[in-house]
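Hello,

Please find the structure below, followed by notes on what was found in it.

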Amino acid sequence: MSYLAFLRDKAKGYSLGLMLRLEFESLFFGLAGLVPTTFGVFVRAAICKLFLKSCRGLSWIQPRVTIVHGDRITVGSHFAVNSGTYINGFGGIEMGSHVLIGSNVTISSGQHPIDGRLPPVFARQSLPKKIVIEDDVWIGAGAVIMPGVRLAQGTVVGANAVVTRDTEPYSIVVGAPAHKIRNR
Ligand SMILES: CC(C)(COP(=O)(O)OP(=O)(O)OC[C@H]1O[C@@H](n2cnc3c(N)ncnc32)[C@H](O)[C@@H]1OP(=O)(O)O)[C@@H](O)C(=O)NCCC(=O)NCCS
């Protein structure tokens, strides 16, 4: 498949309005991500209010955080994210209040189907898989939250964990795949 044909195929589910929205979202978050911390958190908080489906109360977002498909993401109050984190709301992401996300975390709610060998995975449309992150969750640096996972209230995710399954309330999970080491 030529790259142009791939792009045409990829654009199929996207209206012109949605494509423009994604472009502006990328531009605004990209520029806001360059503004240093103290002033920048206010700019990014305002952009969250503008581009997310819902963003209640305060948010504290460090520089260089990427948010895509924000119109499918809801966050509660006291939302904090550290630098380098990537959040893709393609399949929908619901976050509660007091969610703290470390640096370089990946939370992406879409997955490419992998059954069979053709067409190449590269050329397949993503499947939406909603992620839910309940109140009072802390996600350590470098963790990956897999599509379709629910992090129950009070979960702590250790640094570099890969969370492939739903967690129990107030559990601490570490490793790849993540497993529970104890309750809080
Ligand atoms: C998950 C975490 C909170 C656990 O802290 P804790 O309860 O003090 O845990 P301990 O240090 O007592 O470790 C308990 C066991 O889990 C292991 N462990 C702890 N964190 C781990 C991690 N991230 N990955 C793999 N194993 C881990 C320890 O090696 C130890 O194993 P052992 O019993 O075989 O020796 C912490 O280790 C962590 O990862 N914090 C995230 C830090 C971070 O990312 N900060 C920046 C972002 S804001």
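The model is predicted: local features need pLDDT of at least 70 and side-chain atom pairs pLDDT 80 or more, while totals for chains, interfaces and linings use all residues. Residues are numbered from 1 along each chain as its sequence is written.

The largest nonpolar core has 37 residues, and Ala 143, Ile 145, Val 157 and Val 163 touch the most other members. Such a core is a set of buried Ala, Val, Leu, Ile, Met, Phe, Trp, Tyr and Cys residues joined through C-beta atoms within 7 Å; buried means 20 or more other C-beta atoms within 10 Å, exposed 12 or fewer, and partly exposed in between. Beyond four places in sequence, Val 157 touches Ile 139, Gly 140, Ala 143, Leu 151, Val 163, Val 173 and Ala 178 (contact: C-beta atoms, placed from the backbone, within 7 Å).

Arg 124 is partly exposed because 17 other C-beta atoms lie within 10 Å. Not counting residues up to four places away in sequence, Arg 124 touches His 112, Pro 113 and Pro 119. Its C-alpha atom is 8.6 Å from that of Ile 114, 10 residues apart along the chain.

Regards

Technical notes. Contact = placed C-beta atoms within 7 Å.
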